[in-house]
Amino acid sequence: MRAYEERRLAIEELLPTTERLLAEGARFAMLVASEERGSCGGFILRHVFAHEHRYLGLVSVLESDRSGFPSLSARLPAANWAEREINDLFGLAPVGHPDPRRLVVLDDLGLGRIPPLRHDFDLASVPAAGPPRPDLPRMHGPRLFEVPVGPVHAGIIEPGHFRFTVDGEQVVQLEAQLFWTHRGLEKRSEGLWPADALRIAERLCGACSFANALAFCQAIEDACRVAVPDRALFLRVAASELERIHNHLGDLAGMLTDIAYTAGAAHLQRLREQALQLAQAFGGHRLLMGFCAIGGLQRDVPRLAAREIASDLATLLQEFRKVMAIVTRDETVHDRLEGTGVLDLTMARDHGVVGPAARASGIVLDVRRDQPYAAYGALRVPITVRSHGDVLARFEVKVAELEASVALVCDAIEQLPAGPVCSVIRGYWPHGPGLGAVEGPRGENLAMVLLDLEGRIARYHARTASYMNWPAVARSAAGNIVPDFPLINKSFNLCYACTDR
Amino acid sequence: MWHMLFKSLLTGVVSDPELARAGEAVKRRARGIFGRSLQVRLVDAGSCNGCEIEIGQLLTPAYDLQRFGIDIVASPRHADALLVTGPVSRNMAHALLATWEATPAPKVVIAAGDCACDGGVIGAGYASAGGVDRVLPVDVRIPGCPPSPRLLLEGLLVAMGTYEAQPHRAH
């Protein structure tokens, strides 16, 4: 059974079919729009759900003279951003959307008469950027003050704009405006050969580089029915987990920094440096760029090198445990982390939250186990779940996942089969659209690709975990004090770049 | 508290001695020009955050940038240099320019990473300018995707030299 299946339906059947799927326990995953070339013209919408251990795409056609499509956001808050993004980039309006503000375009001048992701988009017609005017809802009332922060922030952090409405120290409401680092990467990938578009996929985000690269490769492999050698499947697991390890170390260090426990953070940061150096030894690049390939990997890892890396990781884990034993004994740490930034189960589900944040709020969800890819089906993947949904829960989930990741790297290297690390690709002959799904450090990262008849990219859409989780971060800040916001933000530590693309 | 104190003392120095030598050169230059230090403000103008990860590593004990008299400051008002990453996304163009205008002269602009240097893999498009020099005058370019922390430190050394060449410098 393929990981991704499609079902065609008329656009009018969309809402009732969605209701039926949700009743059967399906989870909304992404919405992809594309413009069709050729005689039929028009647009295709793919509403993708995770359902019964595979992904199901509901495919509906919009004729070329249609200017809108029925919105599902009132029923599915998780679809909110995707529908607004389609409005900005395709000019198709989500009819009945409860909050149809612009999302991707931040100035009043727009991106030209023809939206960017349409085929007859004219780059020359795009006006120079005007001053940014994020369209944010305002609250008014006695004692209420508005605190704007960003996009340029005080530390080493990506750009985003946060508008706090505060009553004294307490956050009454937080609105987040992202897309400051929108670079138009999906458009950029169109017309490229898959191997060239892979370099774009790797650079959607530096922190999730391998995860996005792998999702993209899996999507192409899915579309063209490319088999991947077993050795590559195991090495892909090791690389994915090495990326998770350096990310989680950084996230935990970040949380300790934001409660001013700089000594603890310093230890975790030096361990992160070790993890980055191990990634370099393993895949040739600290962030594992240039390692994943369509059909496998770009280079092999010799057995001796792999064994040394596994051994160094085991030593790193011992050090990590010693540091965490000291850190978790501290009352201040518990006092700051416990009860802060609660994301409750209902809100997490409604927003389609994924990854460690979902697991910390009680949702049992992990692509490695739900839709196993690479060699995960042959390995033991423990899932850690908490129910409180506070910063402490997210902290504990990441600590447990770090342990599990080290074990997974060691297991993958232990069981590494002999053989080639890449299939020979003689050409790209797509059978249809392709979907790749991976569990990145922040959760489920999806990639959908449509190839044209020559095998070049016609459409590439990446829906990363960060994209799904950002709205939940804003919700979980309400009711907390302003000084706790950096900590709450770091407990999710979502990427801006892979949200904005 | 004592457990953490003993742990840190026992862990000792973790940074590379070779890097210490490179950094000493930066420190001497900084003292010569400023008498104190080089204050740097980072602006992420649309990077993938890979450069941010490596710049962030410079502040950790593995590289300990601050011992060389270089620091990342919270505001462009406090900065001698702007460290800019990314190809300048459309939505960040104005914020980048405003940050530069808020930085008092004399100032230096350092483009870090391939995207900032010349657009890199991303290039120019409807939402990307194709490099920092499309928006600001650039004094130093540090290539790499992303540049390693060591290369970033060497780039800061070059930036010091550029700063020295500017007229009207303040002490």
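Visitor: Is Leu288(A) buried or exposed?

Guide: This is a predicted model, in which local features need pLDDT of at least 70 and side-chain atom pairs count only at pLDDT 80 or more, whereas totals for chains, interfaces and linings use all residues. Residues are numbered from 1 along each chain as its sequence is written, chains are lettered from A and ligands numbered from 1 in the order in which they are written, and side-chain values use heavy atoms, with hydrogens and water left out. The classes rest on relative accessible area, with buried meaning under 20%, exposed over 50% and partly exposed in between (1.4 Å probe, protein chains only). Since the relative accessibility of Leu288(A) is 2%, this residue counts as buried.

Visitor: What is the phi angle of Leu288(A) near?

Guide: Leu288(A) sits in the loop between α7 and β10 (292-293) of chain A, where helices (H or I, at least four residues) and strands (E, at least two) are DSSP runs numbered from the N terminus. Its phi is positive although the residue is not glycine, and the value is near 65°.

Visitor: Is Ala260(A), whose phi is also positive, buried or exposed?

Guide: Ala260(A) belongs to the loop between α6 (230-258) and α7 (262-283) of chain A, and its phi is near 65°. With a relative accessible area of 62%, Ala260(A) is exposed.

Visitor: How many residues apart in sequence are the parts that the pair Arg359(A) and Glu401(A) ties together?

Guide: The side chains of these two residues meet in a salt bridge at 2.7 Å, N to O, a salt bridge being a side-chain nitrogen of Lys or Arg within 4 Å of a carboxyl oxygen of Asp or Glu. Arg359(A) and Glu401(A) are both buried. Because Arg359(A) lies in helix α11 (residues 355-360) of chain A and Glu401(A) in helix α13 (residues 391-414) of chain A, the pair ties together parts whose separation in sequence is 42 residues.

Visitor: Which residue meets Glu396(A) in a salt bridge?

Guide: Glu396(A) lies in helix α13 of chain A, and its partner is in the loop between α12 (367-370) and α13 of chain A, so the pair ties together parts that are 10 residues apart in sequence. The side chains meet at 2.6 Å, N to O, and the partner is Arg386(A).

Visitor: How far apart are the closest N and O atoms of Glu202(A) and Arg203(A)?

Guide: Glu202(A) counts as buried, at 3% relative accessibility, and Arg203(A) also counts as buried, at 9%. The two form a salt bridge in which the closest N and O atoms are separated by 3.1 Å.

Visitor: Which residues of chain B does Ile122(B) touch, not counting those up to four places away in sequence?

Guide: Ile122(B) is found in the loop between α5 (114-118) and β5 (140-142) of chain B, and at 2% relative accessible area it is buried. Contact means heavy atoms within 4.5 Å, and the residues touched include Arg183(A), Leu185(A), Arg188(A) and Arg203(A) of chain A. In chain B, Ile122(B) touches Pro87(B), Cys115(B) and Ser128(B).

Visitor: Why is strand β1 of chain B largely enclosed, and how many of its residues are buried?

Guide: Two strands pair if DSSP finds at least two bridges between them, and β1(B) is joined by 3 bridges to the parallel strand β2 (residues 70-72) of chain B and over 5 bridges, again in the parallel sense, to strand β3 (residues 81-85) of chain B. Strand β1 (residues 38-44) of chain B is largely enclosed by the rest of the structure because the number of its residues that are buried is 6 of 7.

Visitor: What is the handedness of the crossover from β1(B) to β2(B)?

Guide: The chain passes between the two strands through helix α3 (residues 50-58) of chain B, and 8 of the 9 residues of that helix are buried, so α3(B) is largely enclosed by the rest of the structure. A crossover is called right-handed if, with the strands pointing away from the viewer, the path from the first strand over the helix to the second runs clockwise. This β-α-β crossover is right-handed.
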